[in-house]
Amino acid sequence: MIVVMEPGAGEEQVQAVVDRIKAAGLNTHISVGVSRTVIGVVGDDRTKHVLRESLERTPGVERVVAILQPFKLVSREFIPLDTTVAVGPAAVGGARIAVMAGPCSVESREQIIAAADGVKAAGAAVLRGGAFKPRTSPYSFQGLEEEGLRLLAEARERTGLPVVTEAMDASQVELVARYADVVQIGARNMQNYVLLREAGRAKRPVLLKRGPSATLEELLLAAEYILNEGNYQVMLCERGIRGFNGHTRYTLDLSAVPVLKRLTHLPVVVDPSHGTGKWRYVAPMALAAVAAGADGLLIEVHPDPANALSDGPQSLSVENFAALMASLRPVAAAIGREL
Ligand code: PEP
Ligand code: MN
């Protein structure tokens, strides 16, 4: 439920409404817009129902509107203005499109430093790299774990790039949050509710990837778990869904971008690397993602893709990444944004 204040409502009137809501045991989220203030109300539905009439009669209130969608805190009705997520010195969700780039996995000191230096020089805003790797086969490289996190922190020291890396399990969130600037929740874990709650309690932004078979409603409800614990710094990531053609590894659902931008205030990131699974298609889909309105990109870049321990076939070389960055700039400019 949201309480829409009249355009001329004063601060005391807003406070009186907030006090009334809190006295009923509910919580509020205040959005101050250009012409009016909107107060989101969260909590037990029955209490909201009882409160509704008295709120409608409170001075300064224009109307009280129920949110019909199953997701509340993430919905644009609840928070009309775009959320900007601060990631170190970068911001995701504003005019500047944030490119997060780096290898699928952290493999060695030399590898992550070469990748970090390369993506930094090409203009990336955030360094990515997996230390805990969700691999389809138990026989594949599983990641360097805490040593990988240490190497990421070293690469951040050196380049100034903030770091995003995955926590695969609730028990890893605290450790990952200690080293990283953003906690990634992988596609396979999108509906791991224990992990989502733990990420909601972490004092770090979260990059939540869409499950390969998840609807957008399921993605938004997964994000709702994180916001419901008090962490509003969440980015959603489209990374491809299960399709039926073999030309690409997944089917990158770019229509998710405008749909999500309409339904939610949270920033939307696109990962064309996992979305296509083939490095040749990464650049065209990255350009299309920016044109479609994505707030950020997640791109796998490896100093030696042919010898990568994971996702080599979809990784760009540093040179190809630099070329992509150059081609993204005019596309961003054409839609009034920058890199
Ligand atoms: C990744 O970003 O390296 C990753 C494992 O992605 P996803 O969870 O989308 O498969
Ligand atoms: Mn990968």
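Author: Along the chain, the donors of the manganese ion (ligand 2) follow the spacing C-x169-H-x25-E-x10-D. The model is predicted. Four residues coordinate the manganese ion: Cys104 through SG, His274 through NE2, Glu300 through OE and Asp311 through OD. Their distances run from 2.0 to 2.4 Å.

Take cysteine 104 and aspartate 311. This pair links distant parts of the chain, 207 residues apart. Cysteine 104 sits in the loop between strand 7 (98–102) and helix 3 (109–122). Aspartate 311 sits in the loop between strand 14 (296–300) and helix 11 (318–334). Are the two buried or exposed? Both cysteine 104 and aspartate 311 are buried.

Now the chain around the site. Its secondary structure comes to 11 helices and 14 strands. The radius of gyration is 21 Å, close to the 20 Å that the globule rule gives for 339 residues, so the chain is as compact as a globular protein of that length. The C-alpha trace spans about 65 × 45 × 40 Å along its principal axes.

Contacts come next. Take those with a separation of 6 or more: residues 24 or more positions apart account for 69% of them. Buried residues make up 55% of the 339 residues.

Last, surface and charge. The chain exposes about 14300 Å². Carbon and sulfur atoms supply 53% of that area. The chain has 36 positive and 37 negative charges, and their mean positions are 2 Å apart.

Notes
Residues are numbered from 1 along each chain as its sequence is written. Chains are lettered from A and ligands numbered from 1 in the order in which they are written. This is a predicted model: local features need pLDDT of at least 70, side-chain atom pairs count only at pLDDT 80 or more; totals for chains, interfaces and linings use all residues. Side-chain values use heavy atoms; hydrogens and water are left out. Helices (H or I, at least four residues) and strands (E, at least two) are DSSP runs, numbered from the N terminus. The radius of gyration is taken over C-alpha atoms; the globule rule is 2.2 Å times the number of residues to the power 0.38. Buried means under 20% relative accessible area, exposed over 50%, partly exposed in between (1.4 Å probe, protein chains only). Contact means heavy atoms within 4.5 Å. Accessible areas come from the Shrake-Rupley method with a 1.4 Å probe; for residues, only the protein chains shown count as cover. Lys and Arg count as positive and Asp and Glu as negative; His and the chain ends are not counted. The place of a charge is taken as NZ of Lys, CZ of Arg, CG of Asp or CD of Glu. Donors are N, O and S atoms within 2.8 Å of the metal (3.2 Å for Na, K and Ca); water is not among the atoms, so sites may look incomplete.
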